[in-house]
Amino acid sequence: MTAAPVSGFVLTPTDTTEQVREVAELAARHAAAADRARRLPDEVVAGLVAVGFARHFVPVRWGGRAGGFVDLLDKVSTVGEGCTSAAWIAAVIAGAARMGVYLPEEGQRELWSTGADTVIASALNPRGHATPDVGGWRLTGEWPLVSGVDLADWTLVCGLVPQKGRKVARFFAVPSRDYRVEDTWFNVGMRATGSNTLVADGVFVPEHRSVARGDVRCGRAVGSDAPCHTAGLRAISGTLFAAPVLGAARSAVRAWSAMPAGKPAQESFAPRDNPLVRDVQARAEGEIEGAALLLRHVALTGDEGPDGGEGDPARPPRDCALAADRLVDAVERLFRSAGCRAQAQDHPLQRIWRDVHCAASHVALRFDAADSAYGGRGNRK
């Protein structure tokens, strides 16, 4: 897609913190309607592109920024304070574009032939299969839960291919004209992400638009040695998915604090000088900022690169999952203490509560998966 001009935003290769805050405010104004419509409005999507999320990780030689993980964490979480779904799409299109750097040079040239603001989505699980064809592959399959697929110019999808008597996973860059999208996203939370199903029927994908999943996981970039490209997938994917949750949790504190004080009752809020009320907010804020420190540490390690990082591949997913748990706990504490009025359909706290639970259930943020990897290390510290 080509982003339409948006009032207040300048379509340039650079962005500013102020512009990101403006996008967050725009997304906040549309958050309730987007939740009902199950999609982000065009002006919000255009705003996300305008401030640089699509080009954040694109190599400089293709017009991108080759940006950092800490910078992206801050900006995505800022958008998340306005709308969790908008922040999720910001993180998804940034992360999917990063995967493009693992394609062969010709594939990268084609992917960004119309500019660094090309919107890319990704389907990470190998739901489909591909068979060898002259000069490439024939790809068939259905990929559910592809966030932002309706908005994307391209999608990187994962499929299984035959190799020496077994099946191995590869990614395939497919333009939107070559697949169809089925409207299947009817979820309890993150409704505006439009995480629908991508369907490909015998699509031809040339060899230069394909890469082994192992190369993506290990950070074997083609034509770039920037830390944002050489970081392994599991080393940083958790920060991408946790950043919207961080912003949403901070927004939950504001929504909770804005509720009117009243006499203690089953469906009313306790006075602000009630020690129990003060305890709820203090604990929630502490959990949120503790989670923020964990996520910033992971992002900073990614920015420092393999030479400056701690070298433990199991620690980043563990820390991101732990941070996600703390964020869910904080929002749960606020939501339960707010009483029935926060459960009203038009109250922002119930939408945040739904979004946070949905986002934190992503496999990249589940502590059971992260703990398994961490516990399986050869040397526990």
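Biologist: Which helix is Gln 108 found in?
Modeller: Gln 108 is in α5, residues 105-111; helices are DSSP runs of H or I, at least four residues, numbered from the N terminus. This is a predicted model, where local features need pLDDT of at least 70, side-chain atom pairs need 80 or more, and totals for chains, interfaces and linings use all residues. Numbering runs from 1 along each chain as its sequence is written, and side-chain values use heavy atoms, without hydrogens or water.

Biologist: Is Gln 108 buried or exposed?
Modeller: Buried, with a relative accessible area of 0% (the cut-off is under 20%, 1.4 Å probe, protein chains only).

Biologist: What does its side chain make a polar contact with?
Modeller: The side chain of Arg 61, at 2.7 Å (a donor and an acceptor, N or O, within 3.5 Å; neighbours in sequence count only through side-chain atoms on both sides).

Biologist: And what does Gln 108 touch, beyond four places away in sequence?
Modeller: Pro 59, Arg 61, Trp 62, Gly 100, Val 101, Leu 103 and Val 222, with heavy atoms within 4.5 Å.

Biologist: Switching topic, how many cavities of 30 Å³ or more?
Modeller: The count is 2. A cavity is a set of 1 Å grid points where a 1.4 Å probe fits but cannot get out, and lining residues have an atom within 4 Å of a point. Volume is the space filled by probe spheres on the points, joined across faces, edges and corners.

Biologist: What lines the largest one?
Modeller: Val 45, Leu 48, Val 49, Ile 89, Ile 93, Val 119, Gly 148 and Leu 151. Its volume is about 40 Å³, and α2 gives the most to the lining, 3 residues.

How values were computed: Helices (H or I, at least four residues) and strands (E, at least two) are DSSP runs, numbered from the N terminus. Buried means under 20% relative accessible area, exposed over 50%, partly exposed in between (1.4 Å probe, protein chains only). On a 1 Å grid over the protein atoms alone, a cavity is a set of points where a 1.4 Å probe fits but cannot get out, and a pocket is an open set with protein on both sides within 12 Å along at least five of seven lines; lining residues have an atom within 4 Å of a point.
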